[in-house]
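Have a look at the fold, then read on.

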Amino acid sequence: MFETLNLAIALPELILILGAIALLMVGVFSNSNVTKMLHISAMALALVVVTIFIIFTQGSEEATAFFGSFYVSDFTKAFKIILLIGTGFAILMAIEFKKRENFTQFELPVLMLLAAAGMMVMVSANDMATLYLGLELQSLSLYVLAAIHRDNVKATEAGLKYFVLGALSSGMLLYGISLIYGFTGSIGYSQIASSIASGNANEIGVIFGIVFILAGLAFKISAAPFHMWTPDVYEGSPTPITAFFASAPKVAAMALLARVSMEAFAPMGDAWQQIIIFLAVASMALGAVAAIAQSDIKRLMAYSSIGNMGFALVGLAAQNEKGIYGLLLYITIYMFMTLGAFACIQAMQKDKVSLTKISDLAGCGKSNPFLAILLTLIMFSMIGIPPLAGFFAKFYAFLAAVDAGLYPLAIIGVVLSVISAYYYLRVIKVMFFDEGEYDHDPMAGELKIVLAASSAVIILFVLFKLAVDDFMLQAAAAMFN
Amino acid sequence: MTVAAGFFYVLSAILVASALMVILARNPVHSVLFLILCFVNAAGLFLLAGAEFLAMILLIVYVGAVAVLFLFVVMMLDVDFAKLKQGVLRYLPLGAVIGVILLVELLTVVGGYMIDPELLKAPIAPITSDITNAESIGRVMYTQFILYFQLSGIILLVAMVGAIVLTLHHKKGVRRQDIATQVARKREDSIEIVDVESGQGV
């Protein structure tokens with residue numbers, strides 16, 4: 001019985017979920033003061049570290065658990081480690097927020113852990129039911145997190161918007177899944193693929209299903225034209241929550257998208273490639289153009305993340321091993337850049353009130369040169385200037401596209417990347433050349449750790465790449481075994 | 001006419017009648033009560049059809065939870081139902097058209113075998129008749145589908161945590177019952193024996 005369940009394979013998820021439930025108990029039965037809350041955050045952080053460690057110790061061969069509905073390989077391991085790192089940093093950033101706001105709701109880190117568990121299930125899903133349950137576990141936790149600052153009108157509005165649009169996208173996804181089940185007769189990825197390959201499935205019906213599933217997933221990665229919720233939710237939620245939204249869930253949804261399209265719909269490659277290319281071009285274009293008019297830096301980051309998702313999709317559109325490698329590399333680098341940028345944004349506060357206007361950064365270059373230089377490097381990396389990390393991210397994504405013969409896509413991507421340089425440069429210009437009084441509160445220690453770690457990865461990416469390149473190549477290769 | 005057929009007609013008749021009463025009753029609380037009667041009769045029909053698991057679920061989920069929730073909503077919210085019903089005649093034609101479309105669809109589904117007898121062979125995984133359907137669900141629920149079952153449980157836990165996080169306010173100054181302090185109360189703390197002289201007052 002336990003041999004077929006293969007529980008050991010799902011050990012990281014089990015540990016994370018049981019740990020989160022235990023933390024919930026600790027929180028319920030302890031007094032609600034801020035120090036207790038900080039202890040729970042610290043324990044949550046330790047739990048994330050333990051989970052990463054367990055994933056490292058697992059073997060690298062492919063395996064399935066729970067009668068084939070749960071799958072692990074180097075590919076899933078790589079994505080899980082990245083999303084857990086993102087979750088850990090977000091928990092760290094939330095500690096600062098809790099201290100400053102005197103926030104006594106201990107559920108914040110617990111919900112982040114449960115969201116991370118949902119993301120890990122998404123990455124490991126090997127059939128449509130597990131996919132949907134993982135996605136809902138993640139989304140439901142995120143809806144609550146968006147509104148967790150419930151005395152704030154904007155946060156409540158953000159939570160409601162996110163919930164309504166998220167429910168809509170889940171509905172589309174489920175409709176697509178039901179169509180696929182109807183036309184192929186199964187929900188397992190490999191069975192769907194073999195049913196399509198054998199020609200038993202009605203092709204038009206399957207295409208309908210693919211369109212709905214991809215539309216639902218595009219909502220989750222906020223790819224244009226399904227991005228409408230992103231700027232409002234990013235602006236309204238507290239900054240550490242926004243940083244969490246922009247990092248780990250994107251990693252998980254990207255991995256999920258790659259696995260569904262490359263495994264379940266492998267025989268329909270031509271059909272979904274068109275959709276992915278459209279999503280990529282639309283997101284890159286929207287991210288490059290719409291961000292120009294923004295005056296709020298969180299909204300700017302929202303459009304930036306939409307654009308970045310477009311660049312990552314270029315790797316998926318290539319449909320080859322290099323493309324998956326590019327996708328993995330892009331999403332890793334994107335996560336570190338985003339977390340670094342959000343650490344800087346969270347540090348923008350005066351008398352414990354956070355500021356989010358770009359103009360609030362004026363004068364930062366003179367009074368706080370260290371912060372200004374690190375933020376400048378992050379922005380340069382987002383533009384894609386070598387030898388910073390962002391250059392390699394875009395380089396490998398476009399290289400894969402060229403390899404697959406998608407020349408127009410690569411050219412459009414490079415052009416739009418140049419256009420998007422404008423608004424990143426504008427932030428740098430405001431910091432160094434605009435006159436202004438920058439007398440913000442000193443940066444909190446937790447934010448310093450996040451900023452230091454992410455800028456280390458961005459600046460010393462060449463060394464970082466040497467260390468993890470073998471593993472990433474293995475991970476990309478695991479998709480094609 | 002067999003006993004089963006007799007039960008079928010009795011249950012169906014009450015079902016249709018109570019469904020009508022749901023929309024015709026003046027008092028919304030009566031509507032909800034008729035809805036519950038409706039559910040109970042539908043559960044009886046499921047039982048006749050051999051789907052005893054669906055019958056139990058209908059009773060537990062719809063009567064036990066959903067209908068009670070409706071009742072709460074109806075009694076708590078101050079909705080003027082008389083006002084809501086004013087436009088009935090105006091919307092009647094539209095409602096009738098939708099009803100006719102639904103009827104035609106139902107007839108095509110039920111009467112599909114008249115067009116193509118092959119359609120009746122559709123069920124892929126028929127339930128074997130030697131075990132009940134509750135048992136056949138029970139056989140896979142905690143074995144093959146354990147992952148789905150547990151994940152759904154965690155999703156419900158998140159929903160519960162979320163509802164508490166977003167709505168529970170600990171108000172200061174609300175007098176709550178604290179059993180420990182009540183039990184710990186001593187006679188000396190609360191009673192003072194005063195020797196009052198007559199004609200003096202306390």
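For the classes used below, Ala, Val, Leu, Ile, Met, Phe, Trp, Tyr, Cys and Pro count as nonpolar, Asp, Glu, Lys and Arg as charged, and the others, Gly among them, as polar. This is a predicted model, where local features need pLDDT of at least 70, side-chain atom pairs count only at pLDDT 80 or more, and totals for chains, interfaces and linings use all residues. Residues are numbered from 1 along each chain as its sequence is written, and side-chain values use heavy atoms, with hydrogens and water left out.

**Overview**
- The structure holds two cavities of 30 Å³ or more.
- A cavity is a set of points on a 1 Å grid over the protein atoms alone where a 1.4 Å probe fits but cannot get out, and lining residues have an atom within 4 Å of a point.
- A volume is the space filled by probe spheres set on the points.

**Largest cavity**
- This one holds about 120 Å³ of space.
- Its lining has eight nonpolar, four polar and two charged residues.
- Of the 14 lining residues, A:Leu142, A:Tyr162, A:Phe219, A:Lys220 and A:Trp229 lie nearest the centre.
- H6(A) gives the largest share of that lining, four residues; helices here are DSSP runs (H or I, at least four residues), numbered from the N terminus.

**Second largest cavity**
- Here there's about 50 Å³ of space.
- Helices H13 (269-290), H14 (297-317) and H19 (407-433) of chain A each give two or more residues to the lining.
- H14(A) supplies the largest share, four residues.
- By class, the lining splits into six nonpolar, five polar and one charged, with A:Lys394 and A:Phe311 among the residues.

Key:
Chains are lettered from A and ligands numbered from 1 in the order in which they are written. On a 1 Å grid over the protein atoms alone, a cavity is a set of points where a 1.4 Å probe fits but cannot get out, and a pocket is an open set with protein on both sides within 12 Å along at least five of seven lines; lining residues have an atom within 4 Å of a point.
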